[in-house]
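Subject: Structure handover

Hello,

The structure you asked about is below, with the sequence. My notes on it follow.

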Amino acid sequence: MDLLRFATAGSVDDGKSTLIGRLLYDSKQVFDDVMEGLKRSTIGTNFDDDVNLALLTDGLRAEREQGITIDVAYRYFATPKRKFIIADSPGHVQYTRNMITGASTADLTLILVDARNGVVEQTRRHAAIAALLNIRHVVLCVNKMDLVDFDQSRFDQIVREFEFVQETVGLEQVTSIPISALTGDNVVTQSEAMSWYTGAPLLDFLETVAVPRPAAAGPLRFPVQYVIRPQTKDLHDYRGYAGTILGGHVKPGDEVVVLPAGLRSTVEAVDFAGQPMESGELFQAATIRLKDDIDAGRGSMIADAAHPPIVTREIIADLCWMSAESALKPRQQFLLKTSTQRVKAMVTTLVDRLDIESLERVGEPDELSLNGLARVAIKTADPVAVDPYRKDRWTGSFILIDPATFATVAAGMVRSGGASEDAFAEMEAARA
């Protein structure tokens, strides 16, 4: 059965938890004992005559109250037509960074807007992040339509406001749906109160939307995680490179290049759990054996010899700063991790910053604070093998790690190879 991954985004109290609860409840995904527990939890609240469906996702809030940090919560459900994985991220501006975690693997994003408030700063920020993450489909869910008397003119006004955001940040496809997660209007069933809306309810759209999948026919991308060298008499000559296929496929006889060294070879065999396979497919764990003895290990990448990734020490990237402890400033040093490779790196230049209020780019800012979005130039101590993020999200993404605390402080999307200035000598001197 086909799988759709989608992420939810929106400001605090825009109704994300209630919407997810409504989807689970109306699609018959909630067990009777869970519903009984929800009914007991609802007693004495404003929902006495009904069930507060937001409580279905309240575990995340309870864990925060206990001091447990959680980046994103996942919910799973299925209909006869499709399976779904929902990445549910908090709405507070402080946790905007969590949307990147949840949406980084999503095929589609739901951006919720309170019909009373319209498009706000968080709406613009989430739309910008969705565009940076190259998410092709965005659903604008104008929620709480029951609180504006299901007024079509209010819905149309919000859609026009968001069209400006869509055009400015470069979102490709946006579908707008008026809903009420509380009453269920246009969530799973068509709303009688909004007969003026002739589109499909949200669940129908999610079941039928065409989502482009990574092409298995694309170029091979195989980051090496581990080198297998069994110390047994019958396998003393065995050398296999274990990992997960992040692009294309591989079979014996394929011409490949091992990066960043640039050494060419031919695939001798593809194994899984010690048994040979005819081929290894996209997202499949495998072990590749090569005909030549090549010095490669964790951090190397086996790639299609005819269509290799970029090998560079200079990267231009879009970056989201995720640290509340400090701001990003030029010349800071980090550990850059992409695929299985980790290298020392320096952010040499803050090229520009995206102003969320105006959606304009501010040239060469002095620093980047929490949840800030910027284009940066990065220099790495060793060559890295990457693709532009718009071509391959798996080999075009990276994180920056604080070398002192080993905390992840930023998430980045590669735009191209080539930085604006040469800081490698300076970084080498600082390292010495």
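**Strands 1 and 3, and what lies around them**

Strand 1 (residues 3-9) and strand 3 run parallel to each other and are paired over 6 bridges. Within this pairing, Leu4 sits opposite Phe84 of strand 3.

The loop between strand 2 (73-78) and strand 3 contains Thr79. Thr79 has a relative accessibility of 8%, so it counts as buried.

Helix 1 (residues 16-26) is another enclosed element: 9 of its 11 residues are buried, so the rest of the structure largely surrounds it. The buried residues are Lys16, Ser17, Thr18, Leu19, Ile20, Gly21, Arg22, Leu23 and Leu24. Note that Lys16 and Arg22 are in that list.

**Aromatic pairs**

The structure has 5 aromatic pairs. One of them is formed by Phe155 and Trp196; the rings are tilted, with 5.6 Å between centres and 45° between planes. This pair links distant parts of the chain, 41 residues apart: Phe155 is in helix 6 (residues 152-169), and Trp196 is in the loop between strand 6 (173-178) and helix 7 (202-208). Phe155 is buried at 7% relative accessibility, whereas Trp196 is partly exposed at 23%.

Phe283 and Trp394 make an edge-to-face pair, because their planes stand at 75°, with the ring centres 5.5 Å apart. Phe283 is in the loop between strand 11 (275-277) and strand 12 (285-290), and Trp394 is in the loop between strand 18 (373-386) and strand 19 (397-401), so the pair ties together parts 111 residues apart in sequence. Here both residues are partly exposed, Phe283 with a relative accessible area of 39% and Trp394 with one of 30%.

Ser265 is located in strand 10 (residues 263-272). It is buried, with a relative accessible area of 3%. What does the side chain of Ser265 make a polar contact with? The partner is the side chain of Asp292, at 2.7 Å. Leaving aside residues up to four places away in sequence, Ser265 touches Asp254, Glu255, Val256, Leu290, Lys291, Asp292 and Ile294.

The loop between strand 9 (255-259) and strand 10 holds Pro260. The peptide bond joining Leu259 and Pro260 is cis, with omega at about 10°.

**Two asparagines with positive phi**

Asn186 has a positive phi, near 60°, and is not a glycine. Asn186 is in the loop between strand 6 and helix 7, and is buried with a relative accessible area of 0%.

Asn371 likewise has a positive phi, about 70°, without being a glycine. This residue is in the loop between strand 17 (360-363) and strand 18. With 4% relative accessibility, Asn371 counts as buried.

**Cysteines**

How many disulfides does the structure hold? The count is 0. Among the cysteines, Cys141 is buried with a relative accessible area of 0%, and Cys320 counts as buried at 1%.

**Where to be careful**

The protein chain has an average pLDDT of 84, and 82% of the residues score at least 70. Two stretches need caution. Over residues 60-70 pLDDT stays under 50, and the model has 12 contacts beyond four places in sequence for them. Over residues 419-432 pLDDT also stays under 50, and there the model has 33 such contacts. Where pLDDT is low, the predicted coordinates should not be read in detail.

Regards

Note on methods: Residues are numbered from 1 along each chain as its sequence is written. This is a predicted model: local features need pLDDT of at least 70, side-chain atom pairs count only at pLDDT 80 or more; totals for chains, interfaces and linings use all residues. Side-chain values use heavy atoms; hydrogens and water are left out. Rings of Phe, Tyr and Trp (its six-membered ring) pair if their centres lie within 6.5 Å; planes under 30 degrees apart count as stacked, over 60 as edge-to-face and the rest as tilted. Helices (H or I, at least four residues) and strands (E, at least two) are DSSP runs, numbered from the N terminus. Buried means under 20% relative accessible area, exposed over 50%, partly exposed in between (1.4 Å probe, protein chains only). Two strands pair if DSSP finds at least two bridges between them. pLDDT is the predictor's confidence in each residue, from 0 to 100. Contact means heavy atoms within 4.5 Å. A disulfide is a pair of cysteine sulfur atoms within 2.5 Å. A polar contact is a pair of N or O atoms within 3.5 Å; within protein, one must be able to donate a hydrogen and the other to accept it, and residues adjacent in sequence count only if both atoms are side-chain atoms.
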